[in-house]
Amino acid sequence: DGCGHTVLGPESGTLASINYPWTSPNSTVCEWEIRVKPGQRVQLKFGDFDIDDSDSCHSSYLRVHNGIGPNRTEIGKYCGYGFQMDGLITSKSNEVTVQFMSGIHTSGRGFLAAYSTTDKSDLITCLDNASHFSEPEFNKYCPAGCVIPFADISGTIPHGYRDSSSLCMAGVHAGVVSDTLGGQINVVISKGIPYYEGSLANNVTSKVGPLSTSLFTFKTSGCYGTLGMESGVIPDSHITSSSILEWPNQTGQVNIWKPENARLKRTGPPWAAFISDEHQWLQIDLNKEKKITGIITTGSTLAEHYYYVSAYRILYSDDAQKWTVYREPGMGKDKIFQGNTELYQEVRNNFIPPIIARFFRINPLKWHQKIAMKVELLGCQFSLGRAPKITLPPPPQKKNDEKNVDFMDDFIHSVKTSLQTDKTTFTPEIKNTTVTPSVTKDVALAAVLVPVLVMVFTTLILILVCAWHWRNRKKKSEGTYDLPYWDRAGWWKGMKQFFPTKSSEQEETPVRYSSSEISHLRPREVPAMLQTESGEYAQPLVGGIVGTLHQRSTFKPEEGKESSYADLDPYNSPMQEVYHAYAEPLPVTGPEYATPIIVDMSSHPSTPLGAPSISTFKAAGNQAPPLVGMCNKLLSRTDSACSAQALYDIPKGQPGPGSADQLVYQVPQRGAHPTVSKDE
């Protein structure tokens, strides 16, 4: 009567004393006989050991023996509070006996241990969690029987499990290992999350958990995609049932809860059976053989109809004629899957090993009020490939033929589930899943395409970079303010006048206009003529600078003559009937580059009223009046000998000092300077 939690699998298992992890009762005894396959040995590992040692292991102890029966030999006898046993206890044969004795004591939790065959060198117990290991990724072997009521887990797939959760119990919840068989787990440690969800899966309830520093997930084969119930890949005609619930509502309308309503997450009513008994079923045709790794179920999802299935069996077939009930390997009875505990929650169950079949049938065994459910199947495509040659061993001698048939069914099922699989149809729902074996077929193609694409993109980038550099060099060669090449010639004609071509020390002859050319104009028309009929080669006046007034002739010099700033006045030459092509002014539409600045100096305060002006036009006759003043030479813009202020006077044709018959323009007058008289 001293046996506690016990699961003895064919390759591994878990055993614990009665009432563990609380104090074991007095005067109890339990003995476990463990057998594995012939030729293998057994290894035993303790997850917790706390047995009273007040009498030196006389009345309370744990004893391990090689073999079973009277010929067994003792390996060791153990007791002690918080006893730490490093390493494993290994047998010499495939049989081991474990004996627990509890005498009179006041404390002591007892023990919990796990066993496996010796080829599982990375065996852990059901009490180990992720915080016990420092590696970011590791492989461990979980024994059978780790769904224990005194261990907790928090989290779910694909988000992960809290680091305080039992590794093996979380592996059962995730569908990575079976509680009745155990198995290998590949654990990946990641950064924790603030909140862990809870769910029910594989008869394990995961609780809601708070923030933790780290979490863990499992690497799997990746065969956990949905097979088409929710998405509609499976057509309505492939979903059938034993019966359909039909009933009229208060308005007299008939409600039909058809089998095609049994699609997970589909709004509206579910499928419901007309009669609620153990002979009802829901059948799904997958169109071809597929690897089925799990199922998700819910209740009616209608608050006014509190219906759900709490337990069911699974049957499968290749032809919809002969059906096989799902059993776990080594188990002599049908596996009963835990269903829903209420009508909304999604409950997942995994098949380990998976089912290979085309037709899938759910047989409800327990329900609440009525049989009603929605489902989704998990799995992937199945590729038979080259099937191995099957040699059936002779069946063991049994008393009736029915047992022989059961044996054959189990053997054929185990052979079919050992075959390789193809890739999943949908994205796996388990985090950090590994790729399926068939994905490696595309690796060679990817190895060729990836370098080609990289070279193409690199070439395009180089072409763009070269084009960009060529464009920048072209812009630099044209200048920051340069015009396009088609307008460059006209631009140069106007801009070349701004460049100094003669030293500022060389005296120029001012531009003069003959009074005979302009005597027929009224005084007000003279400035307008100068503004609107400026020559093509005229240079605009700039900001009152004295040097800009002294220009070369408006007209281009004649061919063969050397042009200079001291050219003779073209207006002194006799009038010619034929003019040069460049001597015609621009149209009257306006000056092309600039307009001369005309300043009225008659009222300027800085000029004495009695001071005569120096004309830019000569009087009648051939002799030009000399230029007098303090600054009588063309000065550069940086010359500081004279004042920077340049003034212009109005034409003297208007009333004022001077002769009325002389129509002249004043040259710029510098700032304050001595009064200058005009030479006769």
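Author: Happy to! The torsion about the S-S bond of Cys3 and Cys30 is about 95°, so this disulfide is right-handed. A disulfide here is a pair of cysteine sulfur atoms within 2.5 Å. Before we go on, this is a predicted model, where local features need pLDDT of at least 70, side-chain atom pairs count only at pLDDT 80 or more, and totals for chains, interfaces and linings use all residues. Residues are numbered from 1 along each chain as its sequence is written, and side-chain values use heavy atoms, with hydrogens and water left out.

Reader: Thanks! Which parts of the chain does the pair Cys3 and Cys30 link?

Author: Distant ones: Cys3 is in strand 1 (residues 3-8) and Cys30 in strand 3 (residues 28-35), 27 residues apart. Strands (E, at least two residues) and helices (H or I, at least four) are DSSP runs, numbered from the N terminus. The S to S distance for Cys3 and Cys30 is 1.5 Å.

Reader: And is Cys30 buried or exposed?

Author: Cys30 is buried, with a relative accessible area of 3%. Cys3 counts as partly exposed, because its relative accessibility is 38%. The cut-offs are under 20% relative accessible area for buried, over 50% for exposed, and partly exposed in between (1.4 Å probe, protein chains only).

Reader: How many disulfides are there in the whole structure?

Author: A search of the whole structure finds five. One of them is formed by Cys57 and Cys79, with sulfur atoms 1.6 Å apart. That link of Cys57 and Cys79 is left-handed, with -85° about the S-S bond. Cys57 lies in the loop between strand 4 (42-50) and strand 5 (61-66), and Cys79 in the loop between strand 6 (73-78) and strand 7 (89-90), so the pair ties together parts that are 22 residues apart in sequence. Both Cys57 and Cys79 are buried.

Reader: What does Cys126 pair with?

Author: Cys126 is joined to Cys146 by a disulfide, S to S 2.0 Å. The link of Cys126 and Cys146 is left-handed, at -85° about the S-S bond. Cys126 and Cys146 are both buried.

Reader: OK, new topic. How covered is strand 16?

Author: Strand 16 (residues 214-218) is mostly covered, with five of its five residues buried. Ser214, Phe216 and Phe218 point one way from the strand, while Leu215 and Thr217 point the other way.

Reader: Which strand does strand 16 join through five bridges?

Author: That's strand 13 (residues 183-191), and the two run antiparallel. In strand 16, Phe218 is the bridge partner of Val187. Strand 12 (residues 160-162) also pairs with strand 16 in the antiparallel sense, over two bridges. Two strands pair if DSSP finds at least two bridges between them. Arg162 stands opposite Leu215 in strand 16.

Reader: Last one! Where is Lys374?

Author: Lys374 is found in strand 27 (residues 372-381). Lys374 is buried yet has no salt bridge, and the nearest side chain of opposite charge, Glu346, is 9.7 Å away. A salt bridge is a side-chain nitrogen of Lys or Arg within 4 Å of a carboxyl oxygen of Asp or Glu. For charge, Lys and Arg count as positive and Asp and Glu as negative, while His and the chain ends are not counted.

Reader: Then what does the side chain of Lys374 reach at 2.4 Å?

Author: The backbone oxygen of Arg266. The side chain of Lys374 also reaches the backbone oxygen of Gly268, at 3.0 Å.

Methods. A polar contact is a pair of N or O atoms within 3.5 Å; within protein, one must be able to donate a hydrogen and the other to accept it, and residues adjacent in sequence count only if both atoms are side-chain atoms.
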